[in-house]
Amino acid sequence: MRKSIKDAFVVLGGDRILRVTNRTPRVLFWHGVDNIKDAVVEAETCNSNTFINQIKYLKRNYEIVSIDEFYNRYVTNSFTGKEIVLTFDDGYKNNLTVVAPFLKSLYIPFTVFISTNHISSGALFPTSIVRLLIFGSQLTRIEIPLIGIKAELKTHEQKKSVADKLEQIIKSAPNTQAIRINEELLLNVTSTKLQELVSYYSSLTPMNWDEVRDLRKYNCTIGSHCLDHICCHENQDESEILKQILESKQVIESELEMPCHYFAYPNGDYTDYSNKCIKESGYRLAFSARKDRILETGGDSFCMPRIHVPHEINTFKIFINLHPIKRPHLA
Ligand SMILES: [Zn+2]
């Protein structure tokens, strides 16, 4: 839909009609929220002002509940259909510095899913590194011998083609290989240049453990997003999947001295085996990135639907009311 048509649709109250006719609980997710310098490098970051408008809109029109309250209503079959749960993936520093104070000012609860090895090491997330080096640096060529990539980066099309290919490879590679690809990717810049880029694009920086602990001062629940932001896909060893799901829970519980009940799958990938690991590790709920409807008792609590929100405000207003799309065979 063109932007002018979307704007007109919202002005005419189309989003309200969708909301009234499509009542269902929704779990939404963002990544970072910050003042963006480059929309391509920081593609996963929502601009602060837009985020403020999104939250004010949700507060006006929905009931924003904590993930614990959502869980209680799920197990007691008592959803009203107006619930919204706010979640943030990966564990960016701006979740503490930008998101938390703003949500606190409106008494709004939220959940942050963290990849614990990134919290411990401070290493950027794999797809952040891809975008930072390919679009944010001045590199004119790039080499990653491990996967046979040797490419020019002179035009936007060349950059986009390499970035898309790399992201796809990293997201579907076994964890150890994904880590080695990232290491080779980083060899394309000096450590001084990398530091410069990381400081400039500060929205991509993860929290450290003290900062995660600071989130407890807010109405924030911490959940797991694996150890390494691995993907729980079919190419991953089962032992690796179990380790990532179980150990990340144990690390969070030990660092924060509180139970970790919730999990979100990196990139939304899951398998039958990963769902089994979630259940056996003692999580209450795990979230995918499927835009299906959340079924009350009888739904699958170990790969629940969740909606990745669009950033532009009128697209957001239409998208989150429209999704999940109501199908006749569902309640
Ligand atoms: Zn993630």
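**Pockets and a helix pair**

The lining of the second largest pocket divides by class into 6 nonpolar, 7 polar and 7 charged residues (Ala, Val, Leu, Ile, Met, Phe, Trp, Tyr, Cys and Pro count as nonpolar, Asp, Glu, Lys and Arg as charged, and the others, Gly among them, as polar). This is a predicted model: local features need pLDDT of at least 70, side-chain atom pairs count only at pLDDT 80 or more, and totals for chains, interfaces and linings use all residues. Residues are numbered from 1 along each chain as its sequence is written, and side-chain values use heavy atoms, with hydrogens and water left out.

**Second largest pocket**
- Its volume is about 360 Å³ (the space filled by probe spheres set on grid points joined across faces, edges and corners).
- On a 1 Å grid over the protein atoms alone, a pocket is an open set of points where a 1.4 Å probe fits, with protein on both sides within 12 Å along at least five of seven lines; lining residues have an atom within 4 Å of a point.
- Of its 20 lining residues, His31, Glu44, Lys171, Asn267 and His308 lie nearest the centre.
- At least two lining residues each come from β5 (83–90), α7 and α8 (DSSP runs numbered from the N terminus: helices H or I, at least four residues; strands E, at least two).

**Largest pocket**
- The largest pocket holds about 530 Å³ of space.
- It is lined by 32 residues, with His118, Ala123, Leu124, Ile129 and Asn182 closest to its centre.
- Helix α9 gives the largest share of this lining, 6 residues.
- The lining of the largest pocket has 16 nonpolar, 13 polar and 3 charged residues.
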